[in-house]
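Reader: Before we discuss any single feature, could you show me the structure and then take me through how to read it?

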Amino acid sequence: MSEWGHDFRPAYRKLSRWIERIPRVPRVALTATADPDTRREIVDCLRLRSARRFVTGFDRPNIRLRVDRKTNGMRQLLHFLERRPDDESGIVYRLTRTGVESTAVRLAAEGYDVLPYHAGLSAGRRRATEGRFLRGEARLVVATVAFGMGIDKPDVRFVYHVDPPRSLEAYIQETGRAGRDGRPARAVLTIGAADVRRLRRWVDGGRDPNRRRVGRRKLEALLEYCETTRCRRQVVREYFGEDRGEPCGDCDLCRPAGPLHRAATAIRRGAVAIGRRGERLRPSGLPGRSPPEPVFRESDRRLYEKLRAKRTELARAWGLAPFMVLSDHTLLEMALRRPGDPTEIERVHGVGRTKRERYGEELLGVIRKFER
Ligand SMILES: [Zn+2]
């Protein structure tokens with residue numbers, strides 16, 4: 001239905017003509033994952049304006065979300081699989097047919113019970129693969145996005161994307177094939193700089209300016225999901241127009257060993273060390289006792305999010321990309337150190353004089369208001 005689907009669903013667009021011809025036919029539109037814009041488009045296209053809408057939650061709390069920077073896609077996949085129980089079913093997504101073939105060959109060589117699946121295989125072979133996977137005769141399927149429509153297997157324990165999809169909708173739809181039985185499942189995505197370049201090229205290469213615009217928006221949402229430093233589930237909820245809710249406590253960024261906590265811990269350690277060396281305000285620890293382990297508190301996270309919101313505002317005002325205003329790392333450090341005046345804010349890594357002069361007062365305002 002959506003602008004996004006013109007290529008592979010041209011028949012949908014003809015629907016509006018049919019609706020004009022037979023206006024009194026009852027109509028219902030169903031969609032697996034659609035952001036608010038796409039939903040509006042469906043309503044317009046099918047002239048359903050006065051119809052009732054039913055939106056169930058997109059949230060699948062039993063699926064643990066994780067994104068890793070791709071360094072060596074194959075090695076990272078093997079590392080993941082080694083740690084999974086032998087009898088777990090999973091789907092591995094790759095972008096291309098050759099990617100599917102080479103990954104399946106490699107996994108088979110490592111002793112995994114695996115089948116490839118892509119549109120280049122015969123219909124008979126694809127059906128056979130689906131059947132074997134559904135019956136649990138093959139543990140893993142390595143597939144392009146051609147795999148999955150109508151696959152309703154309750155006990156898929158993980159969906160692993162070696163290559164990122166083009167939109168967050170696609171990603172959520174594909175990962176939604178995991179954990180339908182409600183038991184714990186995992187969704188892992190690896191993404192590298194080359195993937196981002198490829199996706200951007202693909203989006204910018206479109207002829208139709210409208211499609212380019214939509215494509216960019218969808219890609220940015222996917223990248224926001226990948227690059228965020230707050231709860232991934234909150235990013236998903238917000239994107240689909242739901243209440244953001246509380247951090248899930250379960251995704252890679254929420255969990256105590258997650259990257260945000262590690263960054264926070266490193267900054268705190270640095271801050272503690274500077275304080276001890278430079279100012280000697282506190283008695284240095286008793287002999288033989290290490291300083292207390294720094295903790296990343298919930299209030300730090302809340303302040304951090306407020307600073308990020310301010311950065312978005314500043315970026316808009318200055319006509320810059322948010323990362324050009326200040327990096328996530330700088331904002332995180334600000335949330336942890338909580339500078340109280342211009343001199344202190346200038347000392348935060350990544351600020352400096354120019355940025356202090358441009359943004360300092362506004363950021364200090366956010367911190368003061370938060371601490372009140
Ligand atoms: Zn989370």
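Author: What follows is a conversation that goes from confidence to the sheet, then to the cores and to a few single residues.

Reader: What does the pLDDT of the protein chain average, and which elements have the lowest and the highest mean pLDDT?

Author: This is a predicted model, and pLDDT is the predictor's confidence in each residue. The protein chain averages a pLDDT of 83, and 86% of the residues score at least 70. Among the elements, helix 10 (residues 259-278) has the lowest mean pLDDT, at 58, while strand 5 (residues 156-161) has the highest, at 97. Over residues 272-294 the pLDDT is below 50, and beyond near neighbours in sequence this stretch has nine contacts in the model.

Reader: How many helices and strands does the protein chain have, and in what order do the strands of the sheet lie?

Author: The secondary structure comes to 15 helices and six strands. In general, the strands of a sheet pair through backbone hydrogen bonds, either parallel or antiparallel. Here an open sheet of six strands has the order 1-6-5-2-4-3, and the pairing is parallel. Strand 1 (63-69) and strand 3 (114-117) stand at the edges with a single partner strand each, so one side of each is left without a neighbour in the sheet. Ignoring direction, neighbouring strands of this sheet are turned by 15° against each other on average.

Reader: Which strands pair with strand 6, and over how many bridges?

Author: Strand 6 (residues 185-191) pairs with strand 5 in the parallel sense over four bridges, and strand 1 pairs with strand 6, also in the parallel sense, over seven bridges. Strand 5, helix 6 (residues 168-175) and strand 6 together make a right-handed β-α-β unit.

Reader: Is strand 6 buried or exposed, and which way do its residues point?

Author: Seven of the seven residues of strand 6 are buried, so this strand is largely enclosed by the rest of the structure. A185, A187, L189 and I191 point one way from the strand, whereas R186, V188 and T190 point the other way, and all are buried.

Reader: Which helix lies across strand 3 and strand 4, and at what angle to strand 3 does it run?

Author: Helix 5 (residues 123-134) lies across strand 3 and strand 4 (140-143), and helix 5 runs at about 140° to strand 3.

Reader: How many residues does the largest nonpolar core have, and which of them have the most contacts inside it?

Author: Of the 372 residues of the protein chain, 30% count as buried. The largest nonpolar core has 50 residues, and those with the most contacts inside it are I91, V92, V141, V142, A143, L168 and V236. Leaving aside its neighbours within four places in sequence, L168 is in contact with K218, A221, L222, Y225, V236 and Y239. Apart from this core lies another, of 17 residues, among them A264, L303, L332 and V351.

Reader: Where is R233 found, and with which residues is R233 in contact?

Author: R233 is found in helix 9 (residues 232-239). R233 counts as buried because it has 26 C-beta neighbours inside 10 Å, where 20 or more are required. Leaving aside its neighbours within four places in sequence, R233 is in contact with D59, L65, C248 and C251. R233 and P61 are 172 residues apart in sequence, yet 8.5 Å apart in space, C-alpha to C-alpha.

Reader: Where do L78 and R338 lie?

Author: L78 lies in helix 3 (residues 73-82), and with 14 C-beta neighbours inside 10 Å L78 counts as partly exposed. L78 and L107 are 29 residues apart in sequence and 7.9 Å apart in space, C-alpha to C-alpha. R338 is found in the loop between helix 13 (328-337) and helix 14 (342-347), and R338 has a positive phi of about 50° although it is not a glycine. With 17 C-beta neighbours inside 10 Å, R338 counts as partly exposed.

Technical notes: Residues numbered from 1 in each chain as written. Predicted model: local features only at pLDDT ≥ 70, side-chain atom pairs only at ≥ 80, totals over all residues. Core = buried A, V, L, I, M, F, W, Y, C linked by C-beta atoms within 7 Å. Buried ≥ 20, exposed ≤ 12 C-beta atoms within 10 Å, placed from the backbone. Contact = placed C-beta atoms within 7 Å. pLDDT = per-residue confidence, 0-100. Helix = DSSP H or I, 4+ residues; strand = E, 2+ residues; numbered from the N terminus. Pairing = 2+ DSSP bridges. Axes fitted to C-alpha atoms, helices over the stretch in contact; angles between N-to-C directions. Right-handed = clockwise from strand over helix to strand, strands pointing away.
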